[in-house]
Amino acid sequence: MRRMSTGRIAALAGLGGLLFGYDTGVIGGAQLFIQKDFHLSSLSDELLVSCVLIGAIVGSLVAGWLVARAGRKVAIMTSGLLFVVGSIAAAAAPGAGFLDAARIVVGVAIGIVSVAAPLYVAEMAPADRRGSLVAIYQLAITIGIFAAYLVDEAFAHDEAWRIMFAIGIVPAALLVLGMRGLPESPRWLVDRGRRDEAHQVIAMLGADDAGVASELAAIDAARAADTGAGWHAVLGRSARSALIIAVGLALVQQLTGINTVIYYAPRIFKAAGLGSSSAAIWASVSVSVVNVGATFIAIRFVDRVGRKPLLFIGITGMVVALAGLSALFATTTRSDGFSLHDALTIGALWVYVIFFAFSLGPIVWIMISEVFPQNVRGPGNGIATMAGWAGNLLVSLTFLSLIDALGESGTFALYAVIGLASLMFIRLRVPETKGKTLEEIQTAITRQRPTGEASDRGSRLGKMSRP
Ligand code: BGC
């Protein structure tokens, strides 16, 4: 039997994350030149930027259905094809309306991949490495955002926004081709009655005979406890706790303001008094490098230390950094040289991004893929991911108006307060999932005590014996 490494699976699904990061980031640099070529009003300009987010909201809902019906692998391949089509169309767009439509297609692809890729990796991974393998997907998102900055910088001189979009075609084509050689998730195969294939896939992933038997038994036991499937069931009582945890985490990830920094960093640095535009742009590049680097902390520790401790440390650090930013903006003075105030602002943004990168960044994707019972995992992931994209759209659309109303200082203070409230939510509702099989998590969450600590009294299903 041919062995298949989970690292290879995570790397390929990571291409989906790369495209997610690249295609959300690339518009930042392209926007200026498109505005010039197509003579966009500020309203059309905002619409262009929002198209990807609107598409992603739709795409994540579609994905909830697609991953359940057609499978995880087919959903990822579909997203890859949509990335190819959308990127070609965006690069060749004759006018603003066409470009908006192309960016919506890319957004739908992002929505689908943001549901299907982490879910696929989580279902293929052994329990003790699931966290770090899904965190690789987040690493790829951060690399994609960084790559978009570099590409935007490289082609800005020629104002070549079409090339900026076209570059996304390459990883998208690789995603489609690479996924062809990977197997479907065994949990989905069992759901569709394709038990023999599920058996083969589990063995291919390295389990011995006993391991295959115990994993199949665990999947069967989880299925026996199921109380229905599909959209109706995900809104019913048995999945309610999981839905609250997943939607809550997705909203916390967005409403603590990460994308104001990711999308508007040069602007924030300028508002903080950082002299020239190019200094502000390079300070922003430094933010995206820090974002990539700090994600490795999660890859290393998420399966050792656990999800909850990293979330607590991460969000606490973000709140402290946001409070610091708020204080710094309250005392901004314009200066031509590089002042202590500039250094402190860059430092506070770095601290904020570092603490996000090893906590809310990866762990939200990990836990959305872990908490739902098997029968509603597709629709559940779809709804939670959609909530995250809606939160992203809300923050992106309100950031500039919030600054007008509350000032930068008040706006960052608001995100800090949301961060504080989310610590309480995590303490009360979110269980630790480190090292448990998906089936054990299902049992624990369905029996969740009111304090949010998952009970371990449920049946201890056999752990898989995969390397
Ligand atoms: C979030 C994105 C964000 C990115 C930053 C992801 O986990 O979902 O909204 O832009 O992290 O690294």
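**View 1. Helix 6 and helix 18 cross where their axes come within 8 Å, at roughly 130°.** In this predicted model, local features need pLDDT of at least 70 and side-chain atom pairs count only at pLDDT 80 or more, while totals for chains, interfaces and linings use all residues. Residues are numbered from 1 along each chain as its sequence is written, and side-chain values use heavy atoms, with hydrogens and water left out. Helices are DSSP runs (H or I, at least four residues) numbered from the N terminus, and axes are lines fitted to C-alpha atoms over the stretch in contact, with angles that run from 0 to 180 degrees between N-to-C directions. Helix 6 and helix 18 are therefore oblique to each other, given that angles under 35 degrees count as roughly parallel, over 145 as roughly antiparallel, 65 to 115 as roughly perpendicular and the rest as oblique. From helix 6 the contact (heavy atoms within 4.5 Å) takes Arg 130, Gly 131, Val 134, Ala 135, Tyr 137, Gln 138 and Ile 141, and from helix 18 it takes Gly 361, Pro 362, Trp 365, Ile 366 and Glu 370. By class these residues are 7 nonpolar, 3 polar and 2 charged, where Ala, Val, Leu, Ile, Met, Phe, Trp, Tyr, Cys and Pro count as nonpolar, Asp, Glu, Lys and Arg as charged, and the others, Gly among them, as polar.

**View 2. Helix 5 (residues 96–124) packs on helix 6 at about 150°, with the axes 9 Å apart.** This angle makes helix 5 roughly antiparallel to helix 6, and the crossing is right-handed. Arg 130, Leu 133, Val 134 and Tyr 137 of helix 6 meet Val 113, Ser 114, Ala 117, Pro 118, Val 121 and Ala 122 of helix 5, a contact with 8 nonpolar, 1 polar and 1 charged residues.

**View 3. Helix 16 (residues 307–330) and helix 17 (residues 340–357) pack at about 160°, with their axes 8 Å apart.** The two helices are therefore roughly antiparallel, and they cross in a left-handed sense. Helix 16 contributes residues including Gly 314, Gly 317 and Ala 321, which face a set in helix 17 that includes His 341, Thr 345, Ala 348 and Tyr 352. The contact residues divide into 13 nonpolar, 4 polar and no charged.

**View 4. The largest cavity holds about 280 Å³ of space.** On a 1 Å grid over the protein atoms alone, a cavity is a set of points where a 1.4 Å probe fits but cannot get out, and lining residues have an atom within 4 Å of a point. Grid points are joined across faces, edges and corners, and a volume is the space filled by probe spheres set on the points. The whole structure has 3 cavities of 30 Å³ or more. Of the 24 residues lining the largest one, Phe 20, Gln 253, Gln 254, Asn 259 and Trp 365 are closest to its centre. Helix 19 gives the most to this lining, with 5 residues, and the lining as a whole comprises 13 nonpolar, 11 polar and no charged residues.

View 5. A pocket is an open set of points with protein on both sides within 12 Å along at least five of seven lines. Its lining numbers 35 residues, with Gly 28, Gly 29, Gln 31, Tyr 263 and Tyr 264 nearest the centre. Among the elements giving two or more residues to the lining are helix 2 (27–38), helix 14 (258–271) and helix 19 (377–429). The lining of the largest pocket has 18 nonpolar, 10 polar and 7 charged residues.

Key:
A crossing is left-handed if the near helix is turned anticlockwise from the far one by less than a right angle, and right-handed if clockwise.
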